[in-house]
Each structure stands twice: as C-alpha cells, then as structure tokens.
Amino acid sequence: MDLFPKAFQSDLANLMRWRRDVRRFRTDPVDRALLQDCLDTFLLAPSVGLSEPWRVIRVDSAAARTAAHNNFQNANQDALQGYSGEKAALYTGLKLSGMQDAPVHLAVYCDEATDKGSGLGAKTMPEMRRYSVVGAINLFWLAARARGLGVGWVSILDEAQLAQDLTVSADWRLVAYLCVGWPQTSDTTPELETLGWDTRRGHLPIETR
Ligand SMILES: Cc1cc2nc3c(=O)[nH]c(=O)nc-3n(C[C@H](O)[C@H](O)[C@H](O)COP(=O)(O)O)c2cc1C
C-alpha cells in the first residue's frame, strides 16, 4: 500500500485549495498547544544546507502589537500613493491586514548570520536562506489551515521600524508578519480576486530550453 493513499492525496489537494490568506478573524483565542503544533512544522521544513535560519517572534504585548499596527497603517498609506484613479479607489477598499482582530501575531525572520549549515548552498546566493524561511512558512500555513485556523501574511510594513520596535538583531531580515486566528469565513477564491484586484491564473506557464 502507498504511504500516502489516493484519499490522502485528494485531501491534501483540497487543503491547498482551501488555504486562503485570511484577513477577517474572529477574536476568540487560539489554544497555545494548538499553535505550537502548527509551529512545529518549521522543524520539518527544507532549508539551504540545513541552516534552519527561521526565527519566530510572538508579538503579544499591547505595545508591540500597537506599534506593528501603526507601522502597517503608515506603510499602507504610503503604498496607496503608488496608485491612481480606479486602482487607487479599489486599493482603498481592500482589507490588507487582520492585525486588529487576529489573536496571534508572529514576526518571522531569517537569521542571515547563522553558522548552522556552515554556509552550504548559500555562498553564491545568500538569499536562499530567506527562501528557506518562505518554504517553512508555507508548511505552517497549511498545518494551521488543516486545523481550521487562518493565516494572513502582512508585508506592507517598514522593516527597519519593526526591527526597532521589536528589538530585533541587526542580522535578522523580516520575511513575514503573520496574523493567525479563527477565520470568519471559508472560501476557495482569493479575496483579491473576489474584490476585483486581480485573478488567479488557470494554468502554469512552463518554458522549455
Ligand atoms: C509574500 C507574501 C506577502 C503578502 N502580503 C500581503 C499583505 O501585505 N497584505 C495582504 O492582504 N495579503 C498579503 N499576501 C496575501 C496575498 O494577497 C494572497 O496570497 C493572494 O491574494 C492569493 O490569495 P490566497 O493566499 O488566499 O490564495 C501576501 C502573500 C505573500 C505570499
């Protein structure tokens, strides 16, 4: 028998189909053990040279959460200036973070100075460490969704300001600010598609050389 039978493969495909970036959360708390279960997926993730460069900060205090939310609001205001006309009007109507409601905030960093892995695979392209963190976040995202939790990735932030507010090592680069909590709704369509910002491609373009 296959280690992963057909039914599991189909469930896995469904999990990916229903994953979603979530920005609308219920405010009820997330059990610590449940969150830890999801976070343990970081320990299963691939990383360049086995460097495991991910570093996770749980942003819990009211002061830190407020600083992060103010950071988002300022960055979002700046980002709006990059659009005009119809696109600006559409952008204004988007909800681009669930920071106010999400019970759990995680700032996920990449330690660019880690000795772990002895630099294997990262000499010519050190950014591979950051890509490793992205891969780990994706596992976490799916694990959380499998347990009914929603994850929202916030990137509209001033990294330097956040590093100062969270007193982060100068060697760490921000990869993601994640909001985690119980989603208000479930959908197979990305919210940006529903709101008319852009659509998901129906096919994967593959070039041949
Ligand atoms: C690297 C990365 C950064 C993102 N940053 C934001 C963000 O700042 N705000 C936001 O609302 N969504 C953000 N998203 C979510 C995307 O908008 C979302 O993944 C995309 O619209 C597809 O929707 P889906 O994840 O529900 O499939 C980010 C996603 C990724 C992968």
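So, the lining of the largest pocket: by class we get four nonpolar residues, one polar and eight charged. Here Ala, Val, Leu, Ile, Met, Phe, Trp, Tyr, Cys and Pro count as nonpolar, Asp, Glu, Lys and Arg as charged, and the others, Gly among them, as polar.

Before I go on, this is a predicted model, where local features need pLDDT of at least 70, side-chain atom pairs count only at pLDDT 80 or more, and totals for chains, interfaces and linings use all residues. Residues are numbered from 1 along each chain as its sequence is written, and side-chain values use heavy atoms, with hydrogens and water left out.

Okay, back to that pocket. A pocket is an open set of points on a 1 Å grid over the protein atoms alone, with protein on both sides within 12 Å along at least five of seven lines, and lining residues have an atom within 4 Å of a point; a cavity is a set where a 1.4 Å probe fits but cannot get out. The largest pocket comes out at about 340 Å³, and of its 13 lining residues, Arg19, Asp21, Pro190, Leu192 and Arg200 are the closest to the centre. Volumes are the space filled by probe spheres set on the points, which are joined across faces, edges and corners.

What takes up the space of the largest pocket? That's the ligand, where sitting in a pocket means that more than half of the molecule's atoms lie within 2 Å of its grid points. Around the ligand, with a heavy atom within 4 Å, are residues including Leu96, Trp153, Val154, Ser155 and Ile156. That shell splits into six nonpolar, one polar and five charged.

Now the polar contacts, meaning pairs of N or O atoms within 3.5 Å. Arginine 19 puts a polar side-chain atom 2.8 Å from a ligand oxygen. For arginine 20, a side-chain N or O atom is 2.7 Å from an oxygen of the ligand. Aspartate 21 does it with a backbone N or O atom, 2.7 Å from a ligand oxygen.

Next, the second largest pocket, at about 250 Å³. It has 16 lining residues, and the closest to its centre are Arg20, Asp21, Thr185, Asp187 and Glu191. Its lining has four nonpolar, four polar and eight charged residues.

Last, cavities. There's one of 30 Å³ or more. The largest cavity is about 30 Å³, and its lining is Val48, Ser51, Lys116, Gly117, Gly119, Leu120, Ala122 and Arg129.

Notes. Polar contact = N/O pair within 3.5 Å; in protein donor to acceptor, adjacent residues only side chain to side chain.
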